[in-house]
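Hi there,

Here is the structure I promised to pass on to you. Have a look first, and then read my notes below.

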Amino acid sequence: MERMKTALITGITGQDGSYLAEYLLQLGYRVVGLVRRSSTEPTERIEHLRARLELAQGDMLDPSSLLRVLDQFLPDEVYNLAAQSFVQTSFLEPVHTGEVTALGVTRLLEAVRRAVPRARFYQASSSEMFGQAAASPQRESTPFHPRSPYGVAKLYGHWITVNYRESYNLYCCSGILFNHESPRRGLEFVTRKISDGVARIAFGQADSLALGNLDARRDWGYAGDYVRAMHAMLQQKEPRDYVVGTGTTHSVRDLCALAFRHVGLDYRDFVVVDPRYYRPAEVDLLQADASAAREELGWKPELDFAGLVELMVDADLARRGHGARPVRGILPAGPA
Ligand code: NAP
Ligand code: F7E
């Protein structure tokens, strides 16, 4: 019988951490999550898995904590999902973002090199590294031009992962993932801000929704689909980097139109543009060419853009409405 594999997930309390933990448990892994100390309970997204997970205290800012956890659990696979991941915050806290999102990767790679050099390592890289992209769609060979302290920090994390693969022969992969969303997405990201805004407006808890640049275009997919690609990258013969995305692109305005239409409303009656949400430098357009992931990993997304928007709006309607009748618009057939 095959030995049960152990996976360590940093960032397990985040959106992707919760979906990846679910997926790996389903595959029969022993799953250990790194959790940082907090004065409040940050485990809401993994509450339903708590009995099946092991949590270990540590912080990407503290190298000794990373080494201690690796020495204790000796994982076969390490998924580095921890980051200060909100682009807007990275303009307000550029140094902190660099410490966690950039140097944190080196701290973890050094600990892996010392404690578990045969472990396979996944780095959560981002399409934000393409930034002001030189070409569209973007693939692994497209030049990088990040547009925020977050994008710059991710680029450092990306190259240090490549460097440890080339220098020390570690099995390290960097997944360049385009935006992926879900009902577990943080409320500050635009997809969730819109799905939650629609629910609040439908139930009379708000009269408008303030957003920034409605013309920005992104390649949005479903987080539950993307964690399959992370795992597949660590099961290959040779490590390499992969772009992961749907290949389709939509504007924030398209997203608003679809989300409001789902409850029978017109976004133009409720969305107001507030320059406070503009960024000092914007990423205008992202679109993935995920041919390599499709051909070599056999990966493809299952949920399309419209399905994703409906899933998120339905979840926020159920959460906000508790089955009540909306005061505006209609309740779609899904939630009751
Ligand atoms: P998320 O929901 O913001 O989760 C971030 C996780 O990092 C949380 O668990 C957070 O813990 C943890 N963390 C932050 N600072 C830490 C520290 N100092 N020490 C230990 N843990 C720390 O992000 P996500 O959407 O799941 O994304 C997962 C990863 O993929 C991130 O690295 C993100 O940058 C990257 N990425 C995301 C996307 C996307 O579209 N979602 C696309 C490309 C790349 P707390 O709960 O304690 O805050
Ligand atoms: O913004 C525009 C905003 O914050 C998307 C992270 O997971 O994906 C994410 O980064 C777009 C931008 O995500 C609002 O200007 C308009 O053009 O949802 P977002 P992001 O910046 O693309 C990448 C791949 C990551 O790696 C990151 O970790 O929407 N936008 N109005 C707005 N954005 C927000 N947040 N709020 C608004 O009111």
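What follows is what I found, topic by topic.

First, some housekeeping. This is a predicted model, in which local features need pLDDT of at least 70 and side-chain atom pairs count only at pLDDT 80 or more, while totals for chains, interfaces and linings use all residues. Residues are numbered from 1 along each chain as its sequence is written, chains are lettered from A and ligands numbered from 1 in the order in which they are written, and side-chain values use heavy atoms, with hydrogens and water left out.

**The ligand**

Around ligand 1 there are 23 residues, of which Thr13, Asp16, Arg36, Ser85 and Tyr150 come nearest (a residue is near a molecule or strand if one of its heavy atoms lies within 4 Å of it). Some polar contacts stand out here (pairs of N or O atoms within 3.5 Å). In the side chain of Tyr150, an N or O atom is 2.6 Å from an oxygen atom of ligand 1. Ser85 places a polar side-chain atom 2.7 Å from an oxygen atom of the ligand. Gln15 uses its backbone instead, with a polar atom 3.1 Å from an oxygen atom of ligand 1.

**Cavities and a pocket**

Both terms come from a 1 Å grid over the protein atoms alone: a cavity is a set of points where a 1.4 Å probe fits but cannot get out, and a pocket is an open set with protein on both sides within 12 Å along at least five of seven lines; lining residues have an atom within 4 Å of a point. Grid points are joined across faces, edges and corners, and a volume is the space filled by probe spheres set on the points.

Two or more lining residues come from each of α6 (190-202), α8 (252-261) and α10 (305-321), and α10 gives the largest share, with five residues. (Helices are DSSP runs of H or I with at least four residues, strands are runs of E with at least two, and both are numbered from the N terminus.) By class, the lining has nine nonpolar, two polar and no charged residues. Here Ala, Val, Leu, Ile, Met, Phe, Trp, Tyr, Cys and Pro count as nonpolar, Asp, Glu, Lys and Arg as charged, and the others, Gly among them, as polar.

The second largest pocket has a volume of about 260 Å³. Its lining has six charged, three nonpolar and two polar residues; among them are Thr13, Glu44, Arg45, Arg192 and Arg319.

**Salt bridges**

I count 25 salt bridges (a side-chain nitrogen of Lys or Arg within 4 Å of a carboxyl oxygen of Asp or Glu). For burial, read buried as under 20% relative accessible area, exposed as over 50%, and partly exposed as in between (1.4 Å probe, protein chains only).

- Glu77 pairs with Lys5, with the closest N and O atoms 3.3 Å apart. Glu77 lies in strand β4 (residues 77-80) and Lys5 in the segment before β1 (6-10), so the pair ties together parts 72 residues apart in sequence. Glu77 is buried at 1%, whereas Lys5 is partly exposed at 27%.
- Glu128 pairs with Arg218, at 3.7 Å between the closest N and O atoms. Glu128 is buried at 8%, and Arg218 is buried at 7%.
- Arg139 pairs with Asp289, the closest N and O atoms being 3.0 Å apart. The two residues link parts of the chain that are 150 residues apart. Arg139 is partly exposed at 37%, while Asp289 is buried at 16%.

There is also a network of salt bridges that links Arg192, Asp196, Arg200, Asp316, Arg319 and Arg320.

**Backbone details**

The peptide bond from Ser136 to Pro137 is cis, with omega near -5 degrees, and Pro137 sits in the loop between β5 and α5. Two residues other than glycine have positive phi: Asn169, near 60 degrees, and His322, near 50 degrees. Asn169 is in the loop between α5 and β6 (171-177) and is exposed at 71%. His322 lies in the segment after α10 and is exposed at 70%.

Notes. Polar contact = N/O pair within 3.5 Å; in protein donor to acceptor, adjacent residues only side chain to side chain.
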